[in-house]
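Me: I would like to understand how the labels used for a protein model follow from their cut-offs. Could we go through a few of them slowly?
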Amino acid sequence: MIAGQDIKNKVDSLLSQMTLDEKIGQMTQVRHFDEFPEDEIEKGLIGSVIHTQGPLPGKNADEWQAKFTTLQRQALSSRLGIPLLFGVDAVHGQNTYEGATIFPHNIGLGASGNSELVEKAASITALESRATGFNWVFSPCIAIPYNEKWGRVYEAFSESTELTEKLTEASVKGHQRNLNEGYGVLATAKHFVGDGSADFGLEGGEVSLSQEEIVKRLLPPYRTAIESGVGAIMVSFNTMEGVPMHANTHMIQEVLKDQMGFEGIMVSDWKAYSRFGENDIVNAGIDMVMAVDGDLEMFRHGLKSGIENGSVPIERIDDAVRRIVGQKIRMGLFENPLPDSDLIPEIGIQEHRDLARQAVRESLVLLKNEGEILPLNKKLSKIVVVGEHADNAGLQSGGWTINWQGTDQNYTGATTILQGIRDHAKGDVVYDKEARGEHIDADVAIVVIGETPYAEFFGDIGGEVDAFQLYLPEKQKSYLDIYAKKGIKTVVILISGRPLVVTGEIEQSDAFVAAWLPGSEGGGIAEVLFGDYNFKGKLPHSWPAAVEEYHGKYGPNFWDESINPLFPFGYGLQY
């Protein structure tokens with residue numbers, strides 16, 4: 001790792017040579033497929049490039065690397081030769097690249113409670129991100145969800161601050177392992193602060209918690225991230241006392257940077273400058289402005305005018321540039337700026353998938369096992385597997401998988417839950433996708449039900465889109481009902497990004513497993529169902545008994561004694 005004084009000296013040297021336009025350029029992030037003048041990067045007027053939903057960089061990893069190599073060479077040919085940061089939302093593996101290893105979402109890793117596993121998963125994510133051309137990931141999410149109505153519950157580890165702290169440290173260290181040797185990536189703790197604790201679980205809503213509770217429950221994971229050397233922190237869209245976090249100078253500058261000692265890059269969320277004003281967010285402490293696309297000139301002109309008329313101090317600009325360039329130096333980007341083609345064969349290799357399958361096994365939480373129906377005997381004569389989630393890698397993986405909002409299709413390299421069951425069972429395995437109920441001679445029905453994929457506010461319950469509920473759709477409920485009423489033993493596998501109100505389904509089933517969003521290695525579920533491994537997972541959230549528990553701002557949490565959850569935080573059976 002490059003020594004701190006050496007970094008400071010190099011930053012000072014570069015900063016003293018930079019024009020105002022070049023300084024603003026370092027603070028500017030664009031999408032790689034945006035239309036901007038070809039020579040913008042060569043002029044040093046862009047500091048970072050992001051890959052998001054939209055045209056892919058290429059057809060395969062070679063083409064992805066080639067795309068980013070071309071852009072990076074343009075940056076290196078600029079007057080000062082400052083390299084670009086290439087960022088991506090790799091939140092459970094390099095989930096934007098089809099064929100990469102996709103891990104369980106953070107809620108599943110929270111259920112595992114295994115910090116060593118989380119660190120290894122982050123390290124693999126970093127390597128596969130590097131292999132596809134990236135050196136910066138927008139992960140981990142270290143929110144503390146207060147309400148399961150929030151559409152991003154699955155991105156966070158747990159409602160427990162202590163568990164989140166432990167896994168935050170592991171994730172940051174895993175992502176940034178070998179950072180300046182071309183294998184690690186810059187990690188980003190997000191979203192600062194209060195994203196999971198907005199009133200009524202609304203994405204970008206008002207956080208009305210007391211300052212005491214914010215300090216006690218929400219800030220500790222950020223302190224842990226900073227102590228672990230996190231390179232970036234992303235700001236949240238929520239408000240506090242009516243003030244948008246992006247414009248909250250007290251929380252960003254005074255608390256996070258001054259009091260907590262954060263020295264890395266403060267990055268905005270998506271196009272925040274257009275919502276809150278480029279001058280206001282920069283004055284509040286934002287260093288890198290995400291997704292300046294379509295109105296690049298408006299952003300530049302607005303910020304430059306603010307600097308020239310004194311409303312944005314040049315000292316604030318210099319501080320932002322110091323942080324950005326400092327991280328680029330710290331991670332060895334000046335010495336090792338280009339993607340390494342030797343890493344491409346590492347994408348989705350068996351060793352990586354084996355770890356992801358371990359993560360699946362350890363994330364599973366057994367909520368019920370009546371009559372000790374589990375583990376299943378591999379020699380059962382006939383097993384019927386029910387539900388579309390059983391044979392669909394996209395449905396089992398959730399949002400932020402291949403596409404922003406996920407996919408309802410199988411994708412390259414993934415193993416479905418049904419495939420895993422067929423690999424383990426010695427008897428007949430039949431698939432009844434829509435529960436036609438024709439297999440009344442089955443020894444057991446494995447019913448796989450759950451949510452369809454969503455991301456961000458699209459998953460909010462009662463929010464702008466409002467397409468989801470805290471309970472299963474009637475069609476999903478009927479899958480279990482049909483086989484249970486025929487007297488067939490039923491094992492339910494729930495695929496969801498949050499605890500759901502499934503009290504009736506738990507009562508109706510013989511065994512019930514919370515499987516969260518397992519990712520590409522669905523076969524790991526069968527390894528536990530059939531007894532190759534026992535259950536290890538413990539609930540990372542309190543589990544609701546009824547929808548009525550959500551009549552207020554928050555759902556059931558282990559610190560709220562006014563609500564009795566169906567299952568408490570930390571609950572989980574073994575057989």
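Reply: Let us begin with a definition: a residue is buried when its relative accessible area is under 20%, exposed when it is over 50%, and partly exposed in between, with a 1.4 Å probe and protein chains only. This is a predicted model, in which local features need pLDDT of at least 70 and side-chain atom pairs count only at pLDDT 80 or more, while totals for chains, interfaces and linings use all residues. Residues are numbered from 1 along each chain as its sequence is written, and side-chain values use heavy atoms, with hydrogens and water left out.

Me: Why is Glu-527 called buried?
Reply: Glu-527 has a relative accessibility of 10%, which is under 20%, and therefore Glu-527 counts as buried.

Me: What makes Arg-361 and Glu-527 a salt bridge?
Reply: A salt bridge needs a side-chain nitrogen of Lys or Arg within 4 Å of a carboxyl oxygen of Asp or Glu. The closest N and O atoms of Arg-361 and Glu-527 are 2.7 Å apart, so the pair meets this cut-off. Arg-361 lies in helix H14 (residues 350–363) and Glu-527 in helix H19 (residues 523–529), so the pair ties together parts that are 166 residues apart in sequence. Here a helix is a DSSP run of H or I with at least four residues, a strand is a run of E with at least two, and both are numbered from the N terminus. Arg-361 is buried too, because its relative accessible area is 11%.

Me: How do you know that Lys-477 and Glu-474 form a salt bridge?
Reply: Their side chains meet at 3.6 Å, N to O, which is within 4 Å, so the pair qualifies. Both residues lie in helix H17, three residues apart, or about one turn of the helix.

Me: Why is Lys-477 called partly exposed, and why is Glu-474 called exposed?
Reply: Lys-477 has 23% relative accessibility, which falls between the two cut-offs, so it counts as partly exposed. Glu-474 has a relative accessible area of 58%, which is over 50%, and is therefore exposed.

Me: What makes the link between Glu-40 and Arg-300 a polar contact?
Reply: A polar contact is a pair of N or O atoms within 3.5 Å; within protein, one must be able to donate a hydrogen and the other to accept it, and residues adjacent in sequence count only if both atoms are side-chain atoms. The side chains of Glu-40 and Arg-300 are joined at 2.4 Å, so the distance is within the cut-off. Glu-40 is buried, because its relative accessible area is 6%.
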